[in-house]
Amino acid sequence: MKPANLAPFLVAPLLVLLALPLAAADIAAPPAPEPGSVSEAEGLDAWARIEAVVSHPRCANCHTGPDNLPMWSIVGEDKTRPHGMNIHAGESRIGAETLACQTCHVTSTAPNDVAHAPPHAGIEWQLAPVEMQWFDKTGPEICAQLKDPERNGGRDGDGLVEHLIHDAEKDGFVPWGFAPGGGREKAPGTFDEHVRDVQLWVAAGQPCPQ
Amino acid sequence: MIELSVNGETRQVDVEPDMPLLWVLRDELGITGPKYGCGVAQCGACTVHVDGMAVRACQARIGDLAGAEVLTIEGLGAGTLHAVQQAWIDHQVPQCGYCQTGQIMQAAALLDMNPAPTDEDINKTMAGNLCRCGTYVRIREAIHAAAAKMAEN
């Protein structure tokens, strides 16, 4: 395939994001703790809760590695397995090379209330960048990755919190993970608790377990 | 009232915003090429194009489609047969035919993106379109034939 043929689809998500109206929802992060006001032990406690979220299949299933295969967690099954239908997200991570994720996972802020139907969000369905692989990674590996601007989209600690809020403003994947609907298993805790935990972890200096 | 383009014509529909596009096409506009198969995007029989991309019409809510350009099998050839449709005839692809409009729309979208797909490309792209008659071998042959025909033009 000519790379140029992918261009419209590769830039489309960015263009759509730029075209979206500003925050429809009134979402704001709570005041962040002062840097240094949270002990390393408290920061590690917060990280343990963050790790439980980011390593949960509801979140990690779309943070897969360079095989570009999304994973599935089926209601009633304990084991995660590759997405059915021979789905490959490709190097584009949005399926542009073959079958676009959006062919089934339409972009919509409507509730996800139908069991077994493909879930959707207010932003284009996609795998996270491969640098952000969580699936099959250990907690310490994910921790090191999340504090590394080379792999986390150039974000400092405050930038990570802003990322969560920005995603929520778009009805994105993060709040969806805590309320996936349709009988799907949710990530542990709530979105607000997750934001607070990230704030605590950042204020503690982003400590990682050994 | 929601306005969108369907097969090049501006259409207005007065329906609930959560009505699936497939219902709008079939029940409101009388466009019955897209078929109802599973209702949960697991079969591909309802595939249409929305703004140039293959989409399962059972999943797209009409409230999200104001201003969209929708193309169904009825408008694919714009008055003649699209190369994929002609290849489908030449290779006698369908058996019962129920899934075939979705298959053709998915195949046309594939060739828009990838004018010379390999067998692997086709397998990956078409895997979400089920055919219980098992016409997959002819589907693949027809897509290759359509690609070759389109490359001549």
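Which residues does A:L146 touch, not counting residues up to four places away in sequence? The first close-up takes up that question, and the other views follow. Keep in mind throughout that this is a predicted model.

View 1. Setting aside residues up to four places away in sequence, A:L146 touches A:W47, A:M132, A:W134, A:N152, A:L160, A:W201 and A:Q206. As a bit of background, nonpolar side chains in soluble globular proteins tend to be buried together.

**View 2. The one disulfide in the whole structure.** Here A:C143 and A:C208 are linked, with their sulfur atoms 2.0 Å apart. The link of A:C143 and A:C208 is left-handed, with -90° about the S-S bond. A:C143 sits in helix α4 (residues 139-146) of chain A and A:C208 in the segment after α7 (191-203) of chain A, so the pair ties together parts that are 65 residues apart in sequence. Are these two cysteines buried or exposed? A:C143 is buried, at 0% relative accessibility, and A:C208 also counts as buried, with a relative accessible area of 18%.

**View 3. Two cysteines that are in no disulfide, A:C101 and B:C133.** For A:C101, the nearest cysteine sulfur belongs to A:C62 and is 7.8 Å away. A:C101 is buried, at 14% relative accessibility. For B:C133, the nearest cysteine sulfur is that of B:C96, 3.7 Å away. The cut-off for a disulfide is sulfur atoms within 2.5 Å, so a pair has to meet that to count. B:C133 is partly exposed, at 26% relative accessibility.

**View 4. A nonpolar patch on the surface, formed by B:W23, B:Y36 and B:Y98.** Together the three have about 310 Å² of accessible area. Where does B:Y98 sit? Look in the loop between α2 (83-90) and α3 (100-113) of chain B. B:Y98 is partly exposed, with a relative accessible area of 41%.

**View 5. B:E69 and its contacts from elsewhere in the chain.** B:E69 belongs to strand β5 (residues 69-71) of chain B. B:E69 is exposed, with a relative accessible area of 54%. Leave aside the neighbours within four places in sequence, and B:E69 is in contact with B:S5, B:H49, B:V50 and B:D51. Take B:D51: B:E69 and B:D51 are 18 residues apart along the chain, yet their C-alpha atoms are separated by 5.0 Å.

**View 6. Stepping back to chain A, with its seven helices and two strands.** Starting from the N terminus, the elements go α-α-α-β-β-α-α-α-α. Chain A has 210 residues, and 47% of them count as buried. Of the contacts in chain A between residues at least 6 apart in sequence, 63% join residues at least 24 apart. The accessible surface of chain A comes to about 10,600 Å², and 58% of that belongs to carbon and sulfur atoms.

Technical notes: Residues numbered from 1 in each chain as written. Chains lettered and ligands numbered in written order. Predicted model: local features only at pLDDT ≥ 70, side-chain atom pairs only at ≥ 80, totals over all residues. Heavy atoms only, no water. Patch = residues over 30% accessible without salt bridge, like charges linked within 9 Å, V, L, I, M, F, W, Y side chains within 5 Å. Areas by Shrake-Rupley, 256 points an atom, 1.4 Å probe, with all protein chains shown as cover. Salt bridge = Lys/Arg side-chain N within 4 Å of Asp/Glu carboxyl O. Helix = DSSP H or I, 4+ residues; strand = E, 2+ residues; numbered from the N terminus. Buried < 20%, exposed > 50% of the residue type's maximum accessible area, 1.4 Å probe, protein only. Contact = heavy atoms within 4.5 Å.
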